[in-house]
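Please find below a colleague's note on two interfaces, written as numbered points for someone who will want the cut-offs beside the values.

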Amino acid sequence: MTPREALAGVAAVPGAAKPDPHLVVDAVRRDFGGMRAVDVEHLEVQRGVITGLIGPNGAGKTTLFNVLTGFDRADSGHWAFDGRNASGLPAHRLARRGMVRTFQLTRVLSRLTVLENMKLAAVGQRGERFGPALLRPLWSAQEARVERHADELLTRFRLAAKRDDYAGYLSGGQRKLLEMARALMVDPALVLLDEPMAGVNPALRQDLLGHITDLRDAGRTVLFVEHDMDVVMTISDWVVCMAEGRIIAEGPPAAVAGNRAVIDAYLGSRHDEPEFREGR
Amino acid sequence: MDLMVILSDAGRGALGPVAAIYALAAVGLNIHFGYTGLLNFGHVAFMLVGAYGVAVTVAVYDGPLWLGALVGLIGAGLLALLLGLPTLRLRADYLAIATIAAGEVLRIVFNAGFAQPVTGGVYGLQQFAGAFYAVNPIPSGSYGLGPLSFTQRDVWVMLVGWGAVALAALGLFLLVHSPWGRVLRAIREDEEAVRSLGKNVYGYKIQSLVLGGLIGAAGGILLAVDAQSVTPNTFNPVVTFYLYTLLILGGAGTVLGPVLGSVLFWFLLSFADSALRQAIGAGYVSPQVIEPADVGALRFALVGLGLVLLLVFRPEGILGNRAEMRLEAGAAGTPRRPRRRPPNQVSGRIKEEAGQ
């Protein structure tokens with residue numbers, strides 16, 4: 001049974017237990033002054049599938065991302081990644097354990113070339129330690145391997161022609177591609193994508209959609225925040241909806257799209273019909 | 001007014017021990033500012049610790065010179081940790097505040113009456129580097145390079161000084177062309193992104209601060225040895241800003257930028273100084289307009305003017321990369337859209353790009 005088929009038996013209720021959870025979140029809260037930005041009682045993310053995280057602006061999706069990936073601290077609660085505690089760990093240690101995120105506003109390293117952006121992300125590089133860095137023979141073979149892998153990914157993401165350009169000269173869409181390709185250099189088991197489609201033109205959007213489903217098909221878990229409902233409904237295997245910091249619904253895309261609480265959260269409690277456009 | 005005298009003065013300034021000392025210290029600052037993006041506004045503090053490490057160990061405690069140098073380096077390493085551990089987790093400005101304050105605190109404390117038994121207070125310490133000159137292998141005499149002439153003492157300091165600069169530059173070259181250096185440059189660009197890729201940014205920033213601080217201290221040690229004297233007021237905050245000036249002049253974030261910058265900075269300064277004195281001496285400038293005593297201050301104004309012109313026409317510094325510089329200028333604010341350039345510069349830049 002594939003991980004996706006395993007989801008078929010899961011109840012579409014908030015906090016539902018999954019057959020093979022990759023990420024388990026318990027009672028995580030984050031307050032900003034008097035405002036509770038995140039208040040997640042229980043959430044499990046199934047391994048090897050694409051989970052879409054939706055919710056109106058200010059629902060706490062990005063804050064939850066920041067907390068889970070160590071970029072912000074939780075006021076309380078704990079979470080486990082791959083069965084091991086991940087709460088309170090610094091971002092770089094979580095990344096090394098295979099939980100890698102991208103950012104809503106892309107963060108390419110402008111004054112590094114595209115290739116350097118990629119090579120930077122490889123883990124366990126001997127030459128990144130101060131002493132060995134001075135002695136090229138200690139790391140040159142590894143560097144060559146890293147470069148080959150980077151070139152493969154750049155070709156796959158159609159950035160090979162930009163290889164030696166400064167990343168700061170890439171277009172917005174190319175930056176999105178580079179960020180995703182760079183995250184892959186870490187060889188993550190769980191990829192968290194924060195609005196991967198924001199500001200991307202329709203042609204490139206198709207590319208990015210393909211890359212996201214490729215991630216799943218390569219056995220990785222994907223959790224992504226997205227506002228574009230077409231995208232969410234098309235590629236997600238499971239959808240989680242947040243509003244005002246809480247998880248108000250989760251389930252297969254179609255079930256969430258028709259969920260009363262979700263429609264209320266997006267449109268307010270007075271409404272006629274759901275306005276989700278048809279998935280492709 | 002003798003042009004040869006002016007040029008030989010300028011040449012002596014450009015190649016002399018002081019230029020080597022500043023070049024060495026600037027290599028350290030380049031690791032902080034040019035490669036890691038750390039705003040260290042108190043680099044002079046590292047020089048002070050290095051210089052006093054030698055002076056106090058030898059002049060006060062009668063230790064050997066090599067031990068003094070070691071004390072200076074260890075002190076600088078500790079200072080870097082003291083400054084870095086609490087501030088490098090915070091935003092970049094906190095390090096800037098801490099370093100500029102540390103520089104002044106050290107200078108004032110070393111100047112203070114209660115510190116006099118150890119530091120010599122305002123009088124400082126003298127004659128502690130005899131051991132260095134005792135091993136001078138260069139036979140006494142005057143050594144010339146065209147119109148330039150140096151004593152055997154100067155040649156010895158220059159040899160060691162420029163040797164240290166070469167060694168530091170070589171080490172830096174190896175480091176910045178390694179994955180380690182790549183992480184530093186990436187941190188300069190965006191530390192959050194680097195963190196998200198599994199690098200311990202804090203650890204790298206500490207390493208950078210310590211390494212640059214040690215090289216700065218080496219500059220301070222050399223300064224003390226060259227002058228055979230240290231006083232706290234040698235280590236004014238303005239030294240740090242000279243270092244920034246020559247670093248940006250040569251090209252921050254390039255291996256040889258600080259070296260070239262230092263040579264050029266001291267060439268210009270000595271040139272302006274000598275030219276002004278010659279002009280006054282020859283009667284081209286009336287002493288009523290500029291007195292010889294004003295020259296010391298005025299030469300800085302002239303050098304400042306030269307630097308302004310240079311940076312207007314070559315903002316990336318002499319060895320810097322213009323494509324990189326434009327990114328730095330445009331990096332803040334709107335990373336998604338290409339920056340709109342000022343209209344009067346468009347044509348020139350398009351030509352430049354077409355030529356590449």
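The points below take the contact between the chains, then the contact between domains.

1. On conventions, this is a predicted model, in which local features need pLDDT of at least 70 and side-chain atom pairs count only at pLDDT 80 or more, while totals for chains, interfaces and linings use all residues. Residues are numbered from 1 along each chain as its sequence is written, chains are lettered from A in the order in which they are written, and side-chain values use heavy atoms, with hydrogens and water left out.

2. The contact between the chains (heavy atoms within 4.5 Å) draws 41 residues from chain A and 34 residues from chain B. Chain A and chain B bury about 3500 Å² between them, with 59% of it on carbon and sulfur atoms; buried area here is the accessible area, taken with a 1.4 Å probe, that two parts lose on being put together, summed over both.

3. Five salt bridges are found across the interface of chain A and chain B, where a salt bridge is a side-chain nitrogen of Lys or Arg within 4 Å of a carboxyl oxygen of Asp or Glu. The side chains of Glu128(A) and Lys199(B) form a salt bridge, with N to O at 3.0 Å.

4. The same rule-based approach gives 12 residue pairs in polar contact across the interface of chain A and chain B, both residues being at pLDDT 80 or more. A polar contact is a pair of N or O atoms within 3.5 Å; within protein, one must be able to donate a hydrogen and the other to accept it, and residues adjacent in sequence count only if both atoms are side-chain atoms.

5. Turning to domains, whose bounds come from an automatic or database domain assignment, chain A is divided into domain 1 (3-108 + 176-267) and domain 2 (114-169). The C-alpha centres of these two domains of chain A lie 28 Å apart, and their contact takes 12 residues from domain 1 and 16 residues from domain 2.

6. Between domain 1 and domain 2 of chain A the buried area is about 1400 Å², of which carbon and sulfur atoms give 75%. One salt bridge is found across this interface of domain 1 and domain 2 of chain A, and two residue pairs are in polar contact there, both at pLDDT 80 or more.
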